[in-house]
Amino acid sequence: MSSLTIIGMPRSNLTRSVRIVCLEKEVPFEFSSKNVQTPGQPPTRAVVQINPFGKVPILVDGTFVLFETAAICRYIDDKFSGPLLRPVRADKLARMNQWISLAMTRLDQNIIRNFVIPMVFADSQKRHDPAFVTQMNQIADVIRHDLTVLDAAYGDGWICGQRFTIPDMLIMPMLHYLHAMPGGPEMLADVPNVNDAFQRFKARSSAIQTDPILPEKLQKSA
Ligand SMILES: N[C@@H](CCC(=O)N[C@@H](CS)C(=O)NCC(=O)O)C(=O)O
């Protein structure tokens with residue numbers, strides 16, 4: 001019997017990644033969004049008490065509390081039996097860690113924080129503001145560049161070859177949001193290996209069970 005709880009928000013891409021890791025690892029867990037966020041407000045006391053940085057996801061395993069998505073994903077894979085979510089050979093493992101690091105630093109920052117979030121919160125007037133348009137176009141160019149690099153890595157199916165591993169579980173939820181943005185489907189269509197992996201990701205049970213179900217307004221804006 002697992003005592004695992006994942007604390008986070010259903011629409012947080014990183015919380016989704018951790019839930020996907022649990023599902024792929026076949027570990028039973030509870031998902032708790034209680035007192036996690038008050039929209040437009042700083043992190044709640046309930047969150048800050050267990051993560052002083054005020055961020056989710058957070059893992060609670062009995063008395064053990066862990067924050068930072070990459071650390072949580074690796075912990076789940078290392079601690080529990082079930083399908084291995086990483087390669088075995090040292091060089092392949094190092095390569096996986098390279099992609100995890102890239103996903104958590106550059107890709108999450110550029111795709112989610114610098115592009116998706118500003119686009120979601122921009123009203124129609126803001127979306128037509130020339131300074132905002134220039135800024136979004138510049139970030140879109142960086143994302144296009146990064147997707148091209150990823151496309152070469154996705155040549156064998158997933159980023160570490162044929163096995164669906166932790167960096168895929170971090171990157172694919174980011175692409176889910178990117179795909180919902182204006183120009184997102186076109187960006188993905190330009191990178192066929194990444195796009196093919198994204199289509200296979202969407203069909204996985206772990207992706208379906210954690211689908212953030214984006215509001216219709218957002219879906220239509222793509
Ligand atoms: N470095 C952290 C980043 C976590 C993060 O930015 N989480 C977002 C949700 S995806 C969050 O907590 N946002 C709420 C806030 O910033 O108040 C990690 O890897 O877990």
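The legends below describe several views of one predicted model. Residues are numbered from 1 along each chain as its sequence is written. In this predicted model, local features need pLDDT of at least 70 and side-chain atom pairs count only at pLDDT 80 or more, while totals for chains, interfaces and linings use all residues.

View 1. Helices (H or I, at least four residues) and strands (E, at least two) are DSSP runs, numbered from the N terminus. Along its principal axes, the C-alpha trace spans about 55 × 45 × 25 Å.

**View 2. Domain 1 (4-79) and domain 2 (90-221) of the protein chain.** These bounds come from an automatic or database domain assignment. The domain centres, taken over C-alpha atoms, are separated by 21 Å. In domain 1, 15 residues are in contact with 15 residues of domain 2; contact requires C-beta atoms, placed from the backbone, to lie within 7 Å. On the side of domain 1 that touches domain 2, α1 gives the most, with eight residues.

**View 3. The shell of residues around the ligand.** The ligand is surrounded by S12, N13, L14, P43, G54, K55, V56, E68, T69 and M104. A residue is near a molecule if its C-beta atom, placed from the backbone, lies within 6 Å of it. The shell divides into four nonpolar, four polar and two charged residues. Ala, Val, Leu, Ile, Met, Phe, Trp, Tyr, Cys and Pro count as nonpolar, Asp, Glu, Lys and Arg as charged, and the others, Gly among them, as polar.

**View 4. Helix α7, residues 166-179.** This helix has 14 residues and reaches 20 Å from its first C-alpha to its last, close to the 20 Å expected at 1.5 Å a residue. The expected span is 1.5 Å times one less than the number of residues. Helix α7 is mostly covered, with 13 of its 14 residues buried. A residue is buried if 20 or more other C-beta atoms, placed from the backbone, lie within 10 Å of its own, exposed if 12 or fewer, and partly exposed in between.

**View 5. N35 in the loop between β2 (30-32) and α2 (45-50).** N35 counts as exposed because it has 12 C-beta neighbours inside 10 Å. Not counting residues up to four places away in sequence, N35 touches T44 and A46. The C-alpha atoms of N35 and A46 are separated by 6.3 Å, although these residues are 11 apart along the chain.

Notes:
Two residues are in contact if their C-beta atoms, placed from the backbone, lie within 7 Å.
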